[in-house]
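Me: Could you help me go through this structure? I would like to take it one place at a time.
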Amino acid sequence: MTSSDDLTKSDGPLEINVDLGNRSYPILIGRGLLESAGETIAQKLPAARVVIITDENVAPLHLPTLEASFARSGIDYHTLVVPAGEKTKSFKYYEQLCDDILGLRLERGDAVVALGGGVVGDLSGYVAASVRRGMTFVQIPTTLLAQVDSSVGGKTGINSRHGKNLLGAFHQPALVIADTALLDSLPHRDLVAGYAEVAKYGLINDPQFFFWLEENYDEIFIGGPAREQAVAHSCRAKAMIVAADEREAGQRALLNLGHTFGHAFEGAVSYETERLVHGEGVALGMILAHRFSNQLGLCSEEDVVRVEAHLNAVGLPTKPSQIPGQLPSAEFFLDMIKQDKKVSRGKLTFILTKGIGQSFIDTTVDEHTLLTYLQEQLKS
């Protein structure tokens with residue numbers, strides 16, 4: 001677990017630095033940070049004009065607080081609101097937002113501020129990366145998943161009919177403000193789904209963190225001190241990996257544990273969030289990765305059972321049959337996986353594991369073996 005020495009000590013929020021040389025940026029973590037976001041951004045980006053991008057679910061909950069903060073700080077801002085949901089990560093809304101920002105005559109040194117979950121953050125970041133070849137970008141994540149994962153690291157993008165996140169850019173934010181109080185208003189399903197990304201950090205390379213989560217997950221959900229500890233630990237874990245491998249040339253791929261299978265499941269339901277949201281797909285994908293690793297003789301059955309039991313306990317899906325509605329064939333899933341961003345020179349790339357906290361990158365998976373495995377799993 002994160003010790004006090006792992007965090008920048010201050011009287012204010014917890015602060016974690018993403019060390020990227022002259023592009024380094026802080027992640028601020030604490031309760032009530034949205035009310036002072038204007039002051040924080042004005043100090044970081046003096047004289048910058050701002051466009052806030054948010055969605056129809058977040059806007060009524062948190063936009064008035066942010067706008068009031070900007071007004072108090074004298075920030076010249078505009079607000080753009082998009083529909084909520086994974087389908088908004090599309091060419092349509094990407095083009096619309098780029099056009100709107102150009103119409104506002106914002107300059108490269110002005111800022112795009114994403115107020116929302118992973119969809120808003122990914123879409124807004126790609127817009128910021130594109131307009132005038134790169135505007136300043138600020139993340140204010142409003143979901144657990146976004147606070148611990150998608151807001152950190154600079155991956156931005158939209159979906160294509162060929163798969164998830166296949167269009168995008170690496171574009172680091174200048175600042176991340178993670179107000180953990182915003183999670184109090186999050187629907188329980190979304191909170192649970194975001195927890196999958198928290199558990200992922202333990203399953204990648206930190207078994208002690210996973211064991212701590214087994215004992216403390218209830219407090220994370222109700223908003224006790226364990227919530228900020230979990231967010232801080234997750235952010236620090238990701239910051240260290242990003243600093244070492246910003247553009248996913250090597251070990252950063254470990255952050256995709258569960259995502260190769262998970263993205264395929266999201267594509268299988270046509271990104272219909274009523275059936276499956278991203279964190280649920282990741283949870284299902286992590287279980288499939290552990291089961292596949294066990295089938296290949298890499299990890300023990302006991303570890304698979306332990307991971308599955310924990311994800312079940314928090315309310316995450318662990319079997320394809322838990323997804324409402326009919327799923328396509330194993331051949332469809334294989335085709336989606338072959339379109340995965342991590343495929344290199346035609347070789348499938350998987351994050352497999354030798355046990356809890358012992359994940360590794362594997363490029364030796366045979367297509368026939370994988371297809372047979374998918375056929376078995378889709379019956380479960």
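Me: To begin with, where is Asp 76 placed?

Reply: Please keep in mind that this is a predicted model. Asp 76 sits in the loop that runs between α2 and β4 (77–82).

Me: Is Asp 76 buried, partly exposed or exposed?

Reply: Asp 76 is partly exposed, because its relative accessible area is 40%, and buried would require a value under 20% while exposed would require one over 50%.

Me: Which residues does Asp 76 touch?

Reply: Not counting residues up to four places away in sequence, Asp 76 touches Arg 49 and Val 50.

Me: And how far apart are the C-alpha atoms of Asp 76 and Met 135?

Reply: Those two C-alpha atoms are separated by 16 Å. Along the chain, Asp 76 and Met 135 are 59 residues apart.

Me: Now for α2. Is Ser 69 buried or exposed?

Reply: Ser 69, which lies in helix α2, counts as buried because its relative accessibility is 1%.

Me: What is Ser 69 in contact with?

Reply: Leaving aside its neighbours within four places in sequence, Ser 69 is in contact with Leu 34, Glu 35, Ser 36, Ala 37, Gly 38 and Glu 39. Of these, Ala 37 and Gly 38 are also among the buried residues of helix α1 (residues 37–44), together with Ile 41.

Me: Which other residue has a positive phi, near 55°?

Reply: That is Ser 270, again a residue other than glycine. Ser 270 lies in the loop between α9 (259–268) and α10, and it is partly exposed, with a relative accessible area of 40%.

Me: Moving on to α10, how do its axis and that of α11 cross?

Reply: The axes of helix α10 (residues 278–295) and helix α11 (residues 301–314) come within 9 Å and cross at roughly 170°. That angle is why α10 is roughly antiparallel to α11.

Me: Which residues make the contact?

Reply: From α10, the contact is made by Ala 283, Met 286, Ile 287, His 290, Arg 291 and Asn 294. From α11, the residues are Glu 301, Val 304, Val 307, Glu 308 and Leu 311. By class, the contact of α10 with α11 has six nonpolar, two polar and three charged residues.

Me: Next, α13. Which of its residues are buried?

Reply: In helix α13 (residues 367–377), the buried residues are Leu 370, Leu 371, Tyr 373, Leu 374 and Gln 377. They are on the same side of α13, because they cover an arc of only 165° around the axis.

Me: What covers them?

Reply: The cover includes α9, α10, α12 (330–338) and β10 (350–353). One of the buried residues, Tyr 373, also belongs to an aromatic cluster with Phe 261, Phe 292 and Phe 350.

Me: How many aromatic pairs are there?

Reply: The count comes to 13 aromatic pairs. One of them joins Phe 209 and Trp 212, and this pair is stacked, at 6.0 Å centre to centre with 15° between the planes.

Me: Why are Phe 209 and Trp 212 about one helical turn apart?

Reply: They are three residues apart in helix α7 (residues 207–222), so about one helical turn separates them. An α-helix has 3.6 residues a turn, so residues three or four places apart point the same way. Both Phe 209 and Trp 212 are buried.

Me: Last topic: where is Val 131, and what does it touch?

Reply: Val 131 is in the loop between α4 (118–130) and β6. Not counting residues up to four places away in sequence, Val 131 touches Cys 98, Ile 101 and Leu 102. Val 131 is buried, with a relative accessible area of 4%.

Technical notes: Residues numbered from 1 in each chain as written. Predicted model: local features only at pLDDT ≥ 70, side-chain atom pairs only at ≥ 80, totals over all residues. Heavy atoms only, no water. Buried < 20%, exposed > 50% of the residue type's maximum accessible area, 1.4 Å probe, protein only. Helix = DSSP H or I, 4+ residues; strand = E, 2+ residues; numbered from the N terminus. Axes fitted to C-alpha atoms, helices over the stretch in contact; angles between N-to-C directions. Parallel < 35°, antiparallel > 145°, perpendicular 65-115°, else oblique. Contact = heavy atoms within 4.5 Å. Nonpolar A, V, L, I, M, F, W, Y, C, P; charged D, E, K, R; others polar. Phe/Tyr/Trp six-rings, centres within 6.5 Å; stacked < 30°, edge-to-face > 60°. Arc of directions from axis to C-beta.
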